[in-house]
Amino acid sequence: MFRIILFLILIALAALGATWVADQTGTIVMSWDIWRIEATVPAFVLGLGVLVVASVLLWSIVRGLWLAPKRLRRARRERRNARGREAVTRGLLAIGQGDAAAARSHAKVARRLVSRDPLTLLLHAQSAQLDGNADRAQRAFRTMAERADTRLLGLRGLFIEAQRADDRAAAVAIAEEALKVSPSSTWASQAALGYRCAAADWTGALAILDKSVASGLIDKALYRRQRGVLLTARALELEQSDRDASRNAVMEAVKFAPTLVPAVVLASRYLSEANQMRRAMRMIETAWLAQPHPDLADAYAHVTPGDSARERLARIETLAEKAPGHPEGAMAIARAAIDASEFARARAALEPLIAAPTQRVAMLMAEIEHNEHGDSGRARAWTLRAVRALHDPVWTADGYVSDHWRPVSPVTGRLDAFQWQTPLAALPSSRPALVEAGLPDQIAGEAPRVEALPPASPGAAAQDGVTPVVAVEPSPSVVEAEPSPSFRAQADSDRTGASDIPAVIPIVRAPDDPGVDEDQQSNEFAEENTPAARQAGGLRGLLSRRST
């Protein structure tokens, strides 16, 4: 709207100007040597305007002819670049679709048309990677690394190729070079940190981590956690060689990661040695509230050296009350109660977990049966239940299960990858169970016992035709290859009530058993060996058998 109004205003001004010029009187005379021009004012103004317009048109024609070759070259270059960009686009789409032949063809076209374009170099390198030509891919990435605008991209490509070739030294060198070029490069920082951790260079890893947080690559919370993990790894490494350095490292680690279980366990051990029991207990309680763990319970039980088993049980009960209802608390109480020979307390602690026991719960129940009553049958039944029971949480990282905590995943090299959780192998399976569900309970109720039937007189035995024998109840021998569980030695396990049961119970005859004549054959299906049965073969034998 504003432009329309402005256009109308300009037209009105031009009309007013033309009217004013037309109203002017007088004559303009131009004299040059013998030339003399006379014109009125309106005619002079009109002629001057026509001259200006003609000059502009002539200048435009001359300038266009002068710049025509340059414009033609530029148009040709633009068409070439457009075709090259189209080839690059189609090549990248072919790479995404996995069409190696089309990607290779488009890469050749793009390289012929726009050879210096960064995307052309990237297309050439990725098509070589799709073809599996490592040499051609490395040459392309090396060319990109020599250019200032694609240097970081070329280094990343060379890093990937070094990883594929399993050249760790070259990969580390390339990652560190990329980190020098761009300190804010996330992949270079993570790669350098991962390789430092894989080489157990915790000092170098800490330096890289500090640079990462200074560059803003990671936030403060992640930085504190990873620094605590690295310090814990260094403390565990120095535990046997330099205990002072290990103590300083783990105490700093607890400050950065107060819920990291291995750091808290090691720090509490050092505090216990320094007679700082209260500080160690507070540290363990903080970690226990975040995640109950059996190592924390064991460290809490032994925080004071020389305590009796009953004192450790009381301390564990206090710790378990801070996370009521958690299975780790119940199993920790049961463990301490078994050590203190408080088997009733151990049974009560495990009672809520018996309905769906895990392997640790089943083994604790087997230990209770073995140590309290010396009942090998029930102990073995619980051991069989442990074979098919659910798995307990373990240290797991990327599907890898470890019996102890590790700072780095051995699968991916990821820092702080191990978590205390149930492994994937514990997921329900569609396969049928190898051991029937009710079999261990049946075995537990049918522990091996030997009971003799009431003695009978010889006359009654002969009259009734009953042979008195020794009755042997079935013993749990379903899994013969299952090893017997090993339990902790009990200091007060001197019991005389449990009698030793022989491994093999012989079945013997009673004194009044007349026995069976082993020479006689009482099988009614056995073929009689009589002269009538022994007949001649052939037609004669056939006729004789048919006549009978």
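## Basis of the model

Because the model is predicted, local features need pLDDT of at least 70 and side-chain atom pairs count only at pLDDT 80 or more, while totals for chains, interfaces and linings use all residues. Residues are numbered from 1 along each chain as its sequence is written, and side-chain values use heavy atoms, with hydrogens and water left out.

## Aromatic pairs

The structure holds five aromatic pairs, where rings of Phe, Tyr and Trp (its six-membered ring) pair if their centres lie within 6.5 Å, and planes under 30 degrees apart count as stacked, over 60 as edge-to-face and the rest as tilted. One of them joins F159 and Y195 edge-to-face, at 6.4 Å centre to centre and with 90° between the planes. This pair links distant parts of the chain, since F159 belongs to helix α6 (residues 151-164) and Y195 to helix α8 (residues 186-198), 36 residues apart; helices are DSSP runs (H or I, at least four residues), numbered from the N terminus. F159 is buried at a relative accessible area of 6%, and Y195 is buried at 17%, where buried means under 20% relative accessible area (1.4 Å probe, protein chains only).

The rings of Y223 and F256 have centres 6.4 Å apart and planes at 85°, so this pair is edge-to-face. Y223 lies in helix α10 (residues 220-237) and F256 in helix α11 (residues 243-256), so the pair ties together parts that are 33 residues apart in sequence. Both Y223 and F256 are buried. Ring pairs also link F159, W187 and Y195 into a cluster.

## Nonpolar cores

A nonpolar core is a set of buried Ala, Val, Leu, Ile, Met, Phe, Trp, Tyr and Cys residues joined through side-chain atoms within 4.5 Å. The largest has 77 residues, and those with the most contacts inside it are L193, C197, L230, V250, L296 and L350. Apart from it lies another core of 22 residues, including A140, F141, A145 and I174.

Leaving aside residues up to four places away in sequence, V250 touches A235, A263, L266, A267 and Y270, a contact being heavy atoms within 4.5 Å.

## Helix α6

The 14 residues of α6 should span 20 Å at 1.5 Å a residue, and the end C-alpha atoms are 20 Å apart, which agrees; the expected span is 1.5 Å times one less than the number of residues. The buried residues of α6 are G154, L155, G157, L158, F159, E161 and A162, and they pack against α4 (118-131), α5 (134-145), α7 (168-181) and α8. After α6 comes D166, whose phi is positive, near 60°.

Technical notes:
Helix = DSSP H or I, 4+ residues; strand = E, 2+ residues; numbered from the N terminus. Buried < 20%, exposed > 50% of the residue type's maximum accessible area, 1.4 Å probe, protein only.
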